[in-house]
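Good morning, and thank you for making time for this item.

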Amino acid sequence: MTTSTASTSSSGDTARDEFERYFAEKLWALIPVLYRTEDAETSESPGVLRALVDVIAEQAAALRRSQDRLWDDQFVELCEDWVIPYLGDLVGTRMVSALNSRGRRADVAKTIYYRRRAGTVALLEELIGDITGWDGAVVEMFRRLARTRHGLDPAPGGQAGRLSGTMPGGWADLRRPRAAELAGSAWDEYQHTPDVRRFAGGVHGRHGIFRVAFHLFRTEAYAVSGVMPHDVGDGQSFTFDPSGRSVPLFTPRARADSWSDWTPPREWDLPAPIPCRLLAEVAFAVSERLVRSLEADGLSATAAASLRRLLDERFTSERRFRETLAAMPGGSELVDPAVYDDLRAFALVDDCGRSVLLDRALAVTIDGDAVGALDVVATDLSPWTTGASAGVAIDAELGRLRFLDGPPDAAPLVHYHYGAFAEIGAGTYDRREGLAVDYLSVPTDERRLEFTELANTGAAQIEDSATYSPIADKLRVLDLTVQAANGERPYLLMRTNWVLNAGDHHNAQATLNGLWLGSDGDAVTLRARRRRGGQLHVGDYERVTIRSCTLDPGDIGDPATLSAPIPAVPLVIDCRVELLEIDRSIVGPIRTTARGFIEQLVITDSIVQSLDPVIPAIALTDGEVKLERVTVLGGLDVHRLHASEALITGRADVTDTQRGCFRFSAAPAGSRVPAPYQSVELTDVVALFVTERFGQPGYAVLSDAAPAALHRGAENGSEIGAHSAMLAPIKLDSLRAKVEEYMPFGLVPLFIQES
């Protein structure tokens, strides 16, 4: 028999080496035929000897795998998790929590490296990424203390604030009000008086000689390309989000891969929402190369000499740049559109917000051509109006754009980054592990889902992140998978019935993976017959899996920004489903009809929301519900419940309290739950989350005002709810321990959550 030397991976998953079978057959062959025959023919307990051999074979397989890994276990990059503490003893490091496997491995691997650089700002910033996986910026707060400069102090040189022009230790230049937006952030340019109060998470107690601020950026920025923006109705105004939501656009991470090239992060280097101020920031500088290029195109000697007088100047306003050019000798030639358009395009520097953001953070294309940086107007589009008259207006804080010259000649496409705290719901994160390998690509020419070439058994894959509508029916489903390609997030807008009908198949299976489902107000329904409206219809299923999907939970709208309400997409079961699995997904209300029945509903690492306080988020009159690491934004009305690390914001009502459990979970006071154990009774659910509006980066993320019992209430010491697996409090504890180990003696660290 051919054997493989493959072994268990560092995550502990057993490879498919079939060592158990190999050793079982080898041992079985060594036993005399007489005993093997008697073991099979005995009437009292047949197969006992064979079972014993199988147990021994399992241990032999484990020993063989351990032997195969003896060489790998000598290297921290390749070793098993259980080996890491032993390697840590060799270098004498202080181990962090075993739950933070990534941080442990990085800590042991770089202990010597850390000790050689202990106490430096670069190392403290590197610790944030190594131990937690987050991004961050470290600021020594004594550098932001106001003081009177001595006459013997060296000149501050180029240390003035980028926006405010404030010198180190000096007074703020209030003539530049845009710098006020940076106050209290990692890029604060103002100087402060010492604050001796104790830091409690706000703005008080930050500034002092012995304090070091760690600004933590926990939200990830995910890129999405080829998105069809949502037209709000006039052909000129769009939202970047295909569902019509006003969501903030994010800057992607742009730190240097090598920490040996460390420089303090700039505002656009870390994942965070883009302020309109940053997108509006422009700067112009004239170079000798630019002047010579214009001379080659026919620029006069007088105008060229005037430009050379500006070689050492930097203009932070296009208006001032143009006025300066017009006032110089040969200015009429310089501001002539034939010269000025090229001049300002090539004079725009690379290290200003407009250049950086439109280069890698967001883009608008029309017929394949990207809108230029100088054609963009950064403005407030909350009322969908602006004072500008030409170009493309973009509101990065609301994720909106408006074509000021009239409707575009072709349908625009956008590229941007959205923010999310965890990989839950449809998204452009890595989903390769759960995707079907054999699939049929869906034709995308007309942005319709036809499924005409897909058999009743098979997988269909959507290859891009465009909007699809309408969606064709699929009948007599036996084993069907509809999935989005890895790294894509298609938006499926249901306007008519979408039927996935199992017909006479009683053991049918269906899987949805990576899809974002929206509707005009109807439900996603599992049923055997058609019904009117934008609904999904299926027959009786043995198993239905919804993985990494979003069934839009809806939005109430916002009159202040003229945001229209978005209807929710409930999941209605109108047929028999033996097992309904929802994993890493965001869904609207789940309920059954009089004919619907779910034997078992299993939800893991997901968010379930009901916007209507009268309608429970989950309402099942029969069957069993299992919730593991789930946030339920709404009530719960089920027959039987097994809950672990579940956070329920509405009243929970469980019919059968004799069976099931409610462990390490939370529900409001007055709820009826089975056998509560180490659970939290909520008395106030108003300020539990950063926001309850889907699409915002802080959606369903516990706020700082939430009770400490929720932040630390899980069985492993993590938070309760859908983000429990992120281990945020455990990672923060690990970071605290490492910072205390490598920070200079006598300093006090301050940990500030930025996003």
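What you see is a predicted model. The mean pLDDT of the protein is 86, with 92% of its residues reaching 70 or more. Two stretches call for caution. Over residues 1–13 the pLDDT is below 50, and in the model this stretch has 30 contacts beyond near neighbours in sequence. The pLDDT is also below 50 over residues 529–538, a stretch with 50 contacts beyond near neighbours in sequence.

Let me turn to the sheet. Three strands form an open sheet with mixed pairing, in the order S1-S2-S37. Strand S1, residues 135–140, and strand S37, residues 748–753, are the edge strands, each pairing on one side only. From one strand to the next, the twist averages 20°. How do strand S2 and S37 run, and how many bridges join them? Strand S2, residues 211–217, runs parallel to S37, and six bridges join the two. Within this pairing, Phe 214 has Phe 751 in S37 as its bridge partner.

H7 lies across S1 and S2 and runs at about 150° to S1. H16 lies across S2 and S37, and its direction is at about 155° to S37.

In helix H5, which spans residues 101–109, the buried residues are Gly 103, Arg 104, Arg 105, Ala 106, Asp 107 and Val 108. Against which helices do the buried residues of H5 pack? Their partners are helix H4 (84–91), helix H6 (111–116), helix H7 (121–132) and helix H16 (728–742).

Helix H9, residues 288–296, and helix H10, residues 301–308, pack at an angle of about 170°, and their axes are 10 Å apart. Because angles over 145 degrees count as roughly antiparallel, H9 and H10 are roughly antiparallel to each other. On the H9 side, the contact is made by Glu 288, Val 291, Arg 292, Leu 294 and Glu 295. H10 contributes Ala 304, Leu 307 and Arg 308. By class, the contact of H9 with H10 comprises four nonpolar and four charged residues, and no polar ones.

Thank you; I would be glad to discuss any of these elements.

Technical notes: Residues are numbered from 1 along each chain as its sequence is written. This is a predicted model: local features need pLDDT of at least 70, side-chain atom pairs count only at pLDDT 80 or more; totals for chains, interfaces and linings use all residues. Side-chain values use heavy atoms; hydrogens and water are left out. Buried means under 20% relative accessible area, exposed over 50%, partly exposed in between (1.4 Å probe, protein chains only). Helices (H or I, at least four residues) and strands (E, at least two) are DSSP runs, numbered from the N terminus. Contact means heavy atoms within 4.5 Å. pLDDT is the predictor's confidence in each residue, from 0 to 100. Axes are lines fitted to C-alpha atoms, for helices over the stretch in contact, and angles run from 0 to 180 degrees between N-to-C directions. Angles under 35 degrees count as roughly parallel, over 145 as roughly antiparallel, 65 to 115 as roughly perpendicular and the rest as oblique. Ala, Val, Leu, Ile, Met, Phe, Trp, Tyr, Cys and Pro count as nonpolar, Asp, Glu, Lys and Arg as charged, and the others, Gly among them, as polar. Two strands pair if DSSP finds at least two bridges between them.
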